[in-house]
Structures are given as structure tokens and as C-alpha cells.
Amino acid sequence: MKPRHKKLLWVLGGLSLLGVATGLVLNALKSNLNYFYSPTQVSNHEAPSNRSFRLGGLVVDGSLKRQTDGLTVEFVVTDTANNIPVRYKGILPDLFKEGKSVVAQGKLDADGRFNADQVLAKHDENYMPPEAAQALEDAKKLNAGKAPKP
Amino acid sequence: MNWGSWSNFIDMGGRGFYVWGSYLITLVCIVLELGLLARHKRTLWQRLTQIMKLNKQG
Amino acid sequence: MTINWFKYSSPATFYPLAGKMIPLFYALAAILTVIGLYISFFVAPTDATQGEAYRIIFIHVPAAWMSMFIYLVMAMWAGLGLVMNTRLSSIMAQALAPTGAMFTFVALITGAFWGKPTWGTWWEWDARMTSELILLFLYIGYMSLTAAIDDVRRADKAGAILALVGAVNVPIIYFSVKWWNTLHQGASVSITHAPSMAKTMLLGMLIMALAAWMYSIAVALSRARLLMLEREKSTAWAQEVLEQKS
């Protein structure tokens, strides 16, 4: 074989490998281009019922309960319109907090509870020093106090 | 930002491995790129000056 | 006053001019990196939610910006070379590719090192991360394609087509966090809203980005000079350059 042909073969081989890799990645994307489903989508049965999927939303304040075994936790995920209860056995990421975003991977059981086998914390794009965060928190509480009662 | 001590600075609030790890890998990447560029330059100059000398002789 | 751009785009003028400018860009990159790192580690405060782990942002975001921006510039030069057939354009495109690939790799790796302590995972196949990985494949594909074809003109043409087709990936990366639900958060800095970062954090990030710019210009110009000398080795100006140095 001439060196020219050999080189061409390498190019074609490399490019087809690249094509296959891109194809595989795109295929992976197609099935979870939307990385997670919101509680509303889950309530509307838009999420797959027979296989594992990801649920994303905010952890409801005060909903986190630890079971006596110390490992199993239960909390409620919301998108403010709908709520989904979640049960998870394992270690929570450091940034997991009530009122903050999470993405949980798992399956829905028969009574609408989401059994997660992985929980990831999703943080937002805001970066600020702790003092500023505290001030923001205080202002929020103050405003909540001022709000007219219904 | 006052770290207080060197060990606090290295520790990065318990995240030293991740913070310093990513800075170290970035440094390695930059050094590698500059090294490859320097090698490219050396070999190219060697080759071209050699060709020039041969042309002069011939 | 009209500037004769074609004069500057001729290799005989570009080669010595770039040679004079390169040390300046390296020096600026070094100075900006020192200032940027100082602000990033000694001026910028701790983040309220992420603690110190967020300090990876000072390389992650500049690297990610560069990875996308360099690709667009590379595709532009490659396209210009395809249409105008100017010698300098295709050389600039090829000179930028390795630096763009390097920044893409750095963005992916630092992202993994940031994701592990904050999200709880090194890697997830979400739209932002996957499209950035495709960007790395595109750079590698472009470099291997142009390197593998011996005929310079054909290599330039094939590379240009790949670079231009791949350019659609850049807006996909940028807007992925808006178009789909992703694990990756939205942009902290954009033209549509005020930056959602403390001022000193933003300043550190912008100075580091500026340093990355200077570095990229310096390295790409150095590489362009080598490619140029190699392609034009038998011309009078190249012979003169070789004569002077040897």
C-alpha cells in the first residue's frame, strides 16, 4: 500500500470514529436533552413511568425528614405549582438545602412517590459574600412581615 | 479576603483538592502547549536551515 | 486615510510585525494573570452558598469563553480563506485551533472539579456539558483533518468546511442553559441583565479572561509565524529570514 493511501485510510478512520462519537453523544442527548422533568411535567404524566428519569425543582422549606436509620431522607420537590414527595437513601451533596434546587434521579412508585437513587444539588448563577446573602435574607423576612394579611 | 494562615489558604475551606487540582491541571495544560510550540519551532528551524545549506552546496 | 490591509496580510510584512508584538502579548498575559489571581484569591470574598469551591470560576469561565470565542474566530478565518483565498487567513485558522482545544479541555476538566464538590457529580450528560464536549471533538477533528492532508490548499479547504459546519455548535453551547433544563446554571454575566456576582468576584473573572485573551493572541501569532515560514520556505522573504538567523 502506498503511504498516501495509508494516510487517507487513517483520515477516514479518524473521521468516522469522530462521526460515531458525535452520533452516540447526540443520541444520548436526544433521550435527555431536557436533563430533568419538573413536578408539573410529572403530574401531567409527561415523564416516563416505566423507566428511571430525573426530577428537578426546589426543596420545600421544612419538608426534609430523616428516618431513624440516619441514611434515608424524605423531602418534597416543588416548582411552586405542583409537589412531588421524594425518598432517598444515601449521602446528600453539601449544597443540598431546603429552599434550594435539586435534581434527583429515580422512578415513580405506584402511589406517586419518587424513589431516588441519586440526588444532585443544582446551584444558581448568583455569587455573593455571606454578609450580602444574610442581608438579602433579612430583607425578605422583613418584606414578608410587612405583606398585608389576606 | 484574609486567610489568617497558610494552612487555611491551602485548605480552601475543605475544598483544596478541587480548587488547587483545577488550577494545577490548567497550569500543566499551558506548560504543555508552550512546550509543544517550542519543540515545533526548534524542529522546523533545524529542518529549514539544513535544507538551505544543502541548496547552497548543490 | 486608507490603510492598505493587503500589505499587512502579506507574509513578508506580517512575519516580522508579529515577531515584534508577541513578547508584548506574553508580558500583558503574565501581568494580568498575576493581578487576576491576586484579586481571585485575596480580594474576592467567600461565596455564601458554595464557600471557597467557587474560586474555580476564575479559570473555568474564562476558559469556557475562550473555547467558544476562539472557535468562532477560527471558523471566520477559515471561511475567509475559503472565499478570498488569502494565504494568511487559513494559517490563522490553523494557528488558533490547538489553543482553542486547550481551553475547551481546561473548561471541561475544571468544570468536573467544580461539579464534584457542588453538584455531587464529576460529569452528567446535560446539554451544556455535552455540547462543550462536542466542541472538543470538533477542534480535534479540524486539527487531524488539516494535518492529515498533504496538499496544503486541499487541507485548508477541507478544514474550512468542517470548521464552518461545526460553528452551529457554538450558539447551542451558549444558549443550552436557556433552551433546555440543564444541571448547569444560567449565565452570571450576559448583555441582557446586570451581572449576578459581587463586584470583586466579577472583576477577578474579567481580568483572568483578559489574560486568557492576551495569552491566546501571543500563542496563536507564534504558531502562525511557524506555519507561514514552513509554507513559504522557498520564497525570497523566508530565505532572508533563515539567512539572518542561521
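## A residue on helix H1 of chain A

With 11 C-beta neighbours inside 10 Å, A:Leu9 counts as exposed, because a residue with 12 or fewer such neighbours is put in that class. The model in which this residue is found is a predicted one. A:Leu9 sits in helix H1 of chain A, which covers residues 3–31. Its C-alpha atom is separated by 56 Å from that of A:Val76, a residue 67 places away along the chain.

## Paired strands in chain A

Chain A also has strands that pair. Strand S1 (residues 53–59) and strand S5 (residues 101–108) of chain A run antiparallel and are joined over six bridges. One position in this pairing can be named: A:Arg54 has A:Gln105 of S5(A) as its bridge partner.

S5(A) also pairs with strand S6 (residues 114–122) of chain A, again in the antiparallel sense, over eight bridges. Here A:Leu108 lies opposite A:Phe114 of S6(A). S5(A) and S6(A) form a hairpin with five residues between the strands. In that hairpin, A:Gly112 takes a positive phi near 80 degrees. As a general point, side chains in a regular strand alternate between the two faces of the sheet.

## The form of chain B

Chain B has two helices and zero strands. Its radius of gyration is 23 Å, well over the 10 Å that the globule rule gives for 58 residues, so chain B is more spread out than a compact globule. The C-alpha trace of chain B spans about 70 × 15 × 15 Å along its principal axes. Of the 58 residues in chain B, 12% count as buried.

Helix H2 of chain C covers residues 11–43, which is 33 residues. From first C-alpha to last it reaches 45 Å, close to the 48 Å expected at 1.5 Å a residue. H2(C) bends by about 25 degrees at C:Gly19, and a proline, C:Pro23, follows within four residues of that point. The buried residues of H2(C) are C:Phe14, C:Phe25, C:Ala29, C:Gly36, C:Ile39 and C:Ser40. In general, an α-helix has 3.6 residues a turn, so residues three or four places apart point the same way.

C:Ala158 belongs to helix H6 (residues 152–166) of chain C. It counts as partly exposed because it has 18 C-beta neighbours inside 10 Å, while a buried residue would need 20 or more. Leaving aside residues up to four places away in sequence, C:Ala158 touches C:Leu145 and C:Ile149. The C-alpha atoms of C:Ala158 and C:Gly141 are separated by 11 Å, and these two residues are 17 apart along the chain.

## How the chains meet

Two pairs of chains are in contact, and of these chains A and C share the most contacts. In this pair, 35 residues of chain C are in contact with 34 residues of chain A. Helix H4 (87–118) and helix H5 (127–148) of chain C each supply at least two residues of the side that touches chain A. H5(C) gives the largest share of that side, nine residues. By class, the side of chain C that touches chain A has 18 nonpolar, 15 polar and two charged residues.

Chain B is in contact with chain C through 20 residues of chain B and 32 residues of chain C. The chain B side of this contact has eleven nonpolar, six polar and three charged residues. Chain A and chain B do not touch, and their nearest C-alpha atoms are 11 Å apart.

Methods
Residues numbered from 1 in each chain as written. Chains lettered and ligands numbered in written order. Contact = placed C-beta atoms within 7 Å. Nonpolar A, V, L, I, M, F, W, Y, C, P; charged D, E, K, R; others polar. Rg over C-alpha atoms; globule rule 2.2 N^0.38 Å. Pairing = 2+ DSSP bridges. Expected span 1.5 Å × (residues − 1). Bend = angle between axes of the 7 residues up to and from the residue.
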